[in-house]
Amino acid sequence: MYSEIVTVHILAMIKEKKKKKELSSFSILFIIIFVLGIVTMFLNGQSFTPHELADGSIADQVIGANFSDIFMSPFNGFKEAIEICVFILVLGGFLNIVTQTGALESGIQRVVKKLKGNEIIIIVILMILFSIGGSTYGMAEETIPFYTLLGTTMVASGFDTIVTVGTILLGSGSGVIGSTVNPFATGAAMDALKGIGIQPQVGTIMLVGCILWFSTTAFSIYIVTNYAKKVKADKGSTILSLQEQNDMKKHFDQDNNQDLEYTKQHKRTLSLFGITFILMIVSLIPWGEFGITIFEGWSSVLTGNNLGDWYFGDLAMWFFLMGIIIALINKIPEKEIIKTFVTGCADMLSVVLIIVVARGASVLMQTTHLDLFILDRAANMLKGLSPILFVIGAFVLYLLLSFLIPSTSGLAYVSIPVMGALAKEVGLSPDVMIMIFVSGCGLINLITPTSGVVMGGLEISKVNYSTWLNFIKKPLIIMGVINLIVLIVSMLIFS
């Protein structure tokens, strides 16, 4: 008995020691910024094919980062990400007000009880919905509000927070990989292709996108549900560290032994809660891109922008308004409303700072033109390769470029004029090149630490970046192989 106790104690010490060696998300991002800054210094003055920037100026060489560029990159990242940062802070206040009413907790308990024994259905349905959102309008930052809500639901259903992250990040990410009418990926890429005089074939792009969407989403659902079943059957099968499990219990575990009352007031509150999120989704779908004009004019009365043209500033004020309405309906005193809202904002501060630093790394790369340098050198290397090697090389290139530029629309306008023209020059399909770009971006954005979506979601879920990498590394390789097979076959057929 004594030896068993000693063994358990030693194992706990080993795990604790390993935990202490683990770098935080902030440390990882600051290291990346520093390393990238050093790389630009070594490449200072290296020339590449002249490229016109968004402001009309011409870039033709790498500009070595000064110490001040590295030092100020988090602040510059904050300037770039100000809208989403404000949105996330307001979202925290909104969620805390709803939580204070008790409606969210009792509602989740009610759903879990109704689905007793069929909790996997929640995962499948949500992943399909997130995936559709990713494919149609690039659902990414918009998923951040769901991490807190689903974290509690998944833990109450007997799963862990890795299931939460997998459901949301792999769900929406699979959709982005198989983008069909996503204006921030396929839309931006087609527009960039038109800009160099090449007319994209929408039918080809849609067909390849649908195949990528179906295959990737189906595989992602299998991965998450398979892991979820293991965790539910045996809590010891979780890949979370002891500290992460403690954090999960602290932030997401409800007292399931207490039977909470579900009142009419709770029902009204959750109805408003649901309306808030439904309108958020409706407001972000670019209806004008699809020729739908039903929201034009009248829907601009609230923020000055029509539904479909909203962005994070509009969403921030929408959530603020609905938070106040929910508080008043529940007769929360004025001082308590302010205190609850501010506390909720404070809970999201670490997420905001993660996004700020992540965006800072991206801004540093753009201002030094390291991204354009890599693109130019890689494009020259791809010339003369066979179609199969060309697809593989272009795919790997986009994995690297997406690490530097997590924004799909930004990367589309930077790279597609070069890569689309290159594909046409060597007798290959520029349309399939668009899907290579979309697939590569979507795949690497499931793990890139320079993405505020990844790091922010993990921060909310209290999951370490290294733990997420441990979970996703093998599925990511398989998804990459599946995508490459689809893209290679498509290139051979449509070229």
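Helices here (H or I, at least four residues) are DSSP runs, numbered from the N terminus, as are strands (E, at least two). This is a predicted model, in which local features need pLDDT of at least 70 and side-chain atom pairs count only at pLDDT 80 or more, while totals for chains, interfaces and linings use all residues. Residues are numbered from 1 along each chain as its sequence is written, and side-chain values use heavy atoms, with hydrogens and water left out.

**Two loop residues**

- T448 sits in the loop between α19 and α20 (452-461).
- T448 counts as buried because its relative accessibility is 1%, where buried means under 20% relative accessible area, exposed over 50%, and partly exposed in between (1.4 Å probe, protein chains only).
- Not counting residues up to four places away in sequence, T448 touches F403, V454 and Y465; contact means heavy atoms within 4.5 Å.
- S429 belongs to the loop between α18 (408-425) and α19 (430-444), and S429 counts as buried because its relative accessibility is 4%.
- A polar atom of the S429 side chain lies 3.2 Å from the backbone nitrogen of D431. For reference, a polar contact is a pair of N or O atoms within 3.5 Å; within protein, one must be able to donate a hydrogen and the other to accept it, and residues adjacent in sequence count only if both atoms are side-chain atoms.
- Leaving aside neighbours within four places in sequence, S429 is in contact with A423, M491, F494 and S495.

**Inside helix α19**

- I436 is placed in helix α19 and is buried, since its relative accessible area is 0%.
- Beyond residues up to four places away in sequence, I436 touches V391, A394, F395, Y398, L487 and M491.
- I436 and I123 are 313 residues apart in sequence and 28 Å apart in space, C-alpha to C-alpha.

**The nonpolar surface patch**

- L207, I211, I477, V481, I485, V489, I493 and F494 form a nonpolar patch on the surface, with about 720 Å² of accessible area together.
- The elements giving two or more residues to this patch are α10 (202-233) and α21 (465-494), and α21 supplies the largest share, six residues.
- Like charges are joined within 9 Å, and nonpolar side chains (Val, Leu, Ile, Met, Phe, Trp, Tyr) within 5 Å.
- Accessible areas come from the Shrake-Rupley method with a 1.4 Å probe, and for residues only the protein chains shown count as cover.
- V489, in helix α21, is partly exposed because its relative accessible area is 41%.

**Helix α6**

- I128 lies in helix α6 (residues 120-137) and counts as partly exposed, at 33% relative accessibility.
- I128 and G171 are 43 residues apart in sequence, with C-alpha atoms 6.6 Å apart in space.

- Helix α4 (residues 82-101) has 20 residues and reaches 30 Å from its first C-alpha to its last, close to the 28 Å expected at 1.5 Å a residue. The expected span is 1.5 Å times one less than the number of residues.
- α4 is mostly covered, with 14 of its 20 residues buried, and just after α4, G102 takes a positive phi of about 85 degrees.
- The end C-alpha atoms of helix α15 (residues 349-368) are 29 Å apart, which agrees with the 28 Å that its 20 residues should span at 1.5 Å a residue.

Key. Patch = residues over 30% accessible without salt bridge, like charges linked within 9 Å, V, L, I, M, F, W, Y side chains within 5 Å. Salt bridge = Lys/Arg side-chain N within 4 Å of Asp/Glu carboxyl O.
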